[in-house]
Amino acid sequence: TGQGEVRALVQSVGESAGYGAEELEAIISRLESNLYDSCDSLVDIGEATAQALGIPQRLLRLCSTQHLRLSVAKAVARASAAATPRGCGGGPTQSPGRSATSVPP
């Protein structure tokens, strides 16, 4: 993850919002140069810092929103997987009185 996740997020969100490739590359370069190396760190960039780095507030808000959406989706998926009762995964079932290794007569 790390800088790769920041690059992917900023490019994806920026392109969808209509930012040009050169502008996005310059923004990503400034973020990397200032050690913003995770999507979580982007969420913490304040208005003054964004202005000093030349990063549009709108782009940061969009990135933060998308990062939050992805984080929630991952958390829901993990919770759903953890809540699935064992034996309900579509695998082989056992008949009462038979072990999984018994061979029918």
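A salt bridge is here a side-chain nitrogen of Lys or Arg within 4 Å of a carboxyl oxygen of Asp or Glu. The structure is a predicted model, in which local features need pLDDT of at least 70 and side-chain atom pairs count only at pLDDT 80 or more, while totals for chains, interfaces and linings use all residues. Residues are numbered from 1 along each chain as its sequence is written, and side-chain values use heavy atoms, with hydrogens and water left out.

By the rule for salt bridges, the count comes to two. In one of them, the side chains of glutamate 25 and arginine 7 meet at 2.9 Å, N to O, and this pair links distant parts of the chain, since glutamate 25 lies in helix α2 and arginine 7 in helix α1, 18 residues apart. Helices (H or I, at least four residues) and strands (E, at least two) are DSSP runs, numbered from the N terminus. A salt bridge of 3.4 Å, N to O, joins the side chains of glutamate 32 and arginine 7, and this pair likewise links distant parts of the chain, with glutamate 32 in helix α2 and arginine 7 in helix α1, 25 residues apart. For accessibility, buried means under 20% relative accessible area, exposed over 50%, and partly exposed in between, with a 1.4 Å probe and protein chains only. On this scale arginine 7 counts as partly exposed at 24%, glutamate 25 is partly exposed at 35%, and glutamate 32 is partly exposed at 21%.

A nonpolar core is a set of buried Ala, Val, Leu, Ile, Met, Phe, Trp, Tyr and Cys residues joined through side-chain atoms within 4.5 Å. The largest such core has 19 residues, of which Val10, Leu31, Leu42, Ile45 and Leu59 touch the most other members. Two or more residues are given to this core by each of the elements α1 (3-16), α2 (21-33), α3 (39-43), α4 (47-53) and α5. In soluble globular proteins, nonpolar side chains tend to be buried together. With contact taken as heavy atoms within 4.5 Å, and with neighbours within four places in sequence left aside, leucine 42 is in contact with Val6, Leu9, Val10, Leu31, Tyr36, Leu60 and Ser64. Leucine 60 lies in helix α5 and is buried, with a relative accessible area of 7%. Beyond its neighbours within four places in sequence, leucine 60 is in contact with Leu42, Ile45, Ala50 and Ile55; its C-alpha atom is separated by 8.2 Å from that of alanine 50, 10 residues apart along the chain.

Histidine 67 is found in helix α5 (residues 57-83) and is buried, with a relative accessible area of 15%. Apart from its neighbours within four places in sequence, histidine 67 is in contact with Leu9, Cys39, Asp40 and Val43.

Cysteine 39 is buried at 7% relative accessibility, and cysteine 63 is buried at 2%. The structure holds zero disulfides, a disulfide being a pair of cysteine sulfur atoms within 2.5 Å. The sulfur of cysteine 39 has its closest cysteine sulfur in cysteine 63, and because the distance is 7.8 Å, the two are too far apart for a bond.
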